[in-house]
Amino acid sequence: MIELTINGKEIKTEKGKTILQAALSNGIKIPNLCYDKRVVPFGACRVCVVEIEGQRKLEASCATLAGDGMVVLTDTPKVRKARQAVLEFMLVHHPLDCPVCDKAGECDLQELVYEYGKPNGRFVKEKKHSPPDTKGPLVELTANRCILCGKCVRICSEFQGRGALGFIGRGFSTVVQPAFGEAIECDYCGQCIDVCPTGALLNKSLKYKARPWTLEEKDTICPFCGCGCTVTLGVKDGKILRARGREDNGRNEGNLCGRGRFGFDYIYSENRLTSPLIRKGDELVPSSWEEALNYISDRLRNIIDSHGPSSIGAIGSPRCTNEENYLFQKFIRDVIGSDNIDSSAAFGYGLAEKAWEMSFGQSGHRIDLKSPAGKDVILVVESDLSVTHPVFGLNILKAKRNGSQLIVADSRETKLTRHSSHWANIKQGTGVALLNGIMKVIMERGLFDDKNTLKIKGFSDLEEILKDYTPERVSEITGIGVDELVAISETFAKAKTRMLTLSVGVSENTKGLDMVLAAANLINLVGESPDALQIPAEYANSFGLYQMGIRPDAGPGYKISDNTGKGISDMLYWAGPNMPDIRDADNGSWEELDKLMALKALYIMGTDPAVTFPDSSNITRRLKSLDLLIVQDIALTDTAKLAHVVLPASSWAEKDGTYTNAEGITQKVCKVTELTGQSFPDWQILKNLSLAMGKDLGIEDMGDIVEEINSLPPVHILPVNRSFNPVNYAWSEGTDVSYPLNMVVRDLLQHAGSMSTRSKTLGLVSSEARIEINERDAERFGISDNSHVRITSRQGTVYLKATVTDKVPDGTVYVPSHFPHSGVSTLTCHSARKGISMDAVRVEAA
Ligand code: SF4
Ligand code: SF4
Ligand code: SF4
Ligand code: FES
């Protein structure tokens, strides 16, 4: 630490900090326009100048290191005069169009000019004339308001890892523009809007809708991915008009991706439900709440009487709050008497949790968004974390910038592969083989602590399985060289600190439980702490719903249930771990099995399995065969369209509650806007439905639910109890002459699940599913860029537009599953147990 004096105040700061950083961290304000702590100081604006005792020249405090014993003055007449001159110079070219600028009222330039007084006007005023560039879908650039501070250019390139903006031209004519004049590589994150100190970069969707001082701002948690970012919503006349990040605010420290910043308008989608609906023939007809609740109550009672409570199942929601999921499972377990309850986490977080329990004997797998910081080696396997968990992705990039070795094993080019120290360009879906190969090399070279590792249960089984994963065979499977595999293995094994990370979820089809177990095996082999394995829960409350007991085998607080119910596989696919005996014994047709085992009723809250779950044609068939399908959601989803009764629920912004992010941190979700139509928060619907069924859940208000959750026995942190769970590399589908291409399902940056596809603003960037195909494959199958393509798998056929790109490898096509109208999930299959479900397809020009 060093000591210095600023404005007579003695302060301490770490060595290597600038005067500006030392001042700000000690609550001393120094005006600045081009400083942002996330990027390297630029020293462009000179507004931050200060006087340093013993020096004649004023120095830019953002670019001058604080020195021991330094005496600094930040607000002397000399300093003020210099700042005034700097501002005067900036205003020479500025259009001074504050009356029509959306930034007015929260513009740093305007604030400073106001504070330092009207400039003298000593210079000849030559204004820049450039109309706003409105070509971009989300960001508007008005170059003549730009003061060339470079913050946008640096945040985009250094921090966001994109480099979509650059300075074009020289001297007077210099302007900020998308690189090459067109935003081709933009994330549409809007970080550049947040950092711009003037009205040069503006949020198009807010234009002329509200002055900053007319917006009432409130913090809440983003409803999309598991990062759990804090967003500051701006509300006017009861309507959310913008979302922004505020420096250092929340787990995201003010950073947001495009979903969090622009996607909130999904709540204003035209297909929001405004009243309950009951099926009458082929139609869903509006009804009163009383009618709908009585209808459900009567039908459920009849089904319980005729078929028993275990003929009823439920699917909870990672979009709903902890309190709602808690009440949902309580309703299903206590009022209905069934343990058949699960969620989309069965395809994602549930697998991470299962592997965590099997490999380390612990419950509640959580990540730390900041875990990448300071790691010697970060290994990412078959995951585009900059897309699935953008803020976690930013922290991985930051760690790389600060010296971590980033090794990314992936089949396609991504932002992470581009920024990696090493891109292991493996074939899609071969991550398990790669991890087994790494372990084999580590074992053969004795790069593990054999004294402790040999004692771990399952070591000899692991050794046995790894016999088949010689570097040569793994090289053949993965497509990477033997030397490359050995180098990656040695680097990972020899690192002093390391992290292995991957994503797993319902919208990806190249990873399953095997992948997570293989990753955990590697962590055990190198004797790392389980925390070195970082698998983020996928959606806003995937972690929380699991804790609240939305799983068939455990109630709230990981309390293992005596009566294990049916999970997703059993309820929707008849292929789950509880089913083989019945199927083998019966040896009958699927229809007979349906009759024998099918649920009679399903209650689905805030999930759209007919769109987002794999093998969705089969799911649709299953849902249609039910005696009663209840769907409670905010919009008329494809699943809701199949329901017997649909209940309108409030969106995330219309209710209070909590989400628990992938770090296991529970954060408040706030009501910022009024209810839509006759919708109600999910917990109120459940409370009223229980009363209609003659049972009182003992809940009057939200406070009662919170009290019940808080009274759950604390989760005991169990000691680490390691086991190896060896897995083989296996696919459930292979390519052949009829289906010659592998189809990889992956997320798009603008979307999380299908809910975000209702956002008109996000739709301006990404509104349709496209199939990405390599140039050579496109030529082979007669497909041109932008043309329509028929895609056929063993499960079904869909039509999509093609993007021909060299970013994807030969023999593989990539598709996203977010868009309901694309039907991509009808192509995929469900792998209930081992292996991965990557699907084989053929493509033809349509
Ligand atoms: S929106 Fe994001 S990626 Fe695009 S230019 Fe701005 S900072 Fe860069
Ligand atoms: S557009 Fe804004 S952030 Fe970018 S250089 Fe100009 S003033 Fe700075
Ligand atoms: S989608 Fe995820 S990363 Fe993006 S703002 Fe929301 S929580 Fe943050
Ligand atoms: S903030 Fe220091 S020169 Fe701009």
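A search of the whole structure, which is a predicted model, turns up 12 aromatic pairs. Rings of Phe, Tyr and Trp (its six-membered ring) pair if their centres lie within 6.5 Å; planes under 30 degrees apart count as stacked, over 60 as edge-to-face and the rest as tilted. Take Phe 224 and Tyr 266: their ring centres are 5.7 Å apart and their planes sit at 65°, so this pair is edge-to-face. Phe 224 is in the loop between β10 (216-221) and β11 (230-236), and Tyr 266 is in the loop between α6 and β13 (277-280), so the pair ties together parts 42 residues apart in sequence. Helices (H or I, at least four residues) and strands (E, at least two) are DSSP runs, numbered from the N terminus.

Phe 224 also turns up around ligand 3, along with Cys 222, Cys 225, Cys 227, Gly 228, Cys 229, Leu 256, Cys 257, Arg 259, Gly 260, Pro 390 and Val 391. Two elements, α6 (258-262) and α11 (390-401), each give two or more residues to that shell. Being near a molecule takes a heavy atom within 4 Å of it. Around ligand 2, the residues include Cys 146, Cys 149, Cys 152 and Cys 196, as well as Pro 197 and Thr 198.

Ala, Val, Leu, Ile, Met, Phe, Trp, Tyr, Cys and Pro count as nonpolar, Asp, Glu, Lys and Arg as charged, and the others, Gly among them, as polar.

| Group | Nonpolar | Polar | Charged |
|---|---|---|---|
| Shell of ligand 3 | 9 residues | 2 residues | 1 residue |
| Contact of α9 with α18 | 10 residues | 2 residues | 1 residue |

As for that helix pair, the axes of α9 (residues 349-360) and α18 (residues 513-525) come within 9 Å and cross at roughly 35°. Axes are lines fitted to C-alpha atoms, for helices over the stretch in contact, with angles from 0 to 180 degrees between N-to-C directions. Contact means heavy atoms within 4.5 Å. Among the residues involved are Leu 351 and Met 358 of α9, and Val 516 and Ile 523 of α18.

There's also an open sheet of 5 strands, ordered β2-β1-β5-β3-β4 with mixed pairing. Strands pair if DSSP finds at least two bridges between them. β2 (9-13) and β4 (59-60) are at the edges with a single partner strand each, so one side of each has no neighbour in the sheet. Helix α2 (residues 77-93) packs on the sheet, touching β3 (49-52) and β5, and its direction makes about 155° with that of β3.

Residues are numbered from 1 along each chain as its sequence is written, while chains are lettered from A and ligands numbered from 1 in the order in which they are written. Local features need pLDDT of at least 70, side-chain atom pairs count only at pLDDT 80 or more, and totals for chains, interfaces and linings use all residues, while side-chain values use heavy atoms, leaving out hydrogens and water.
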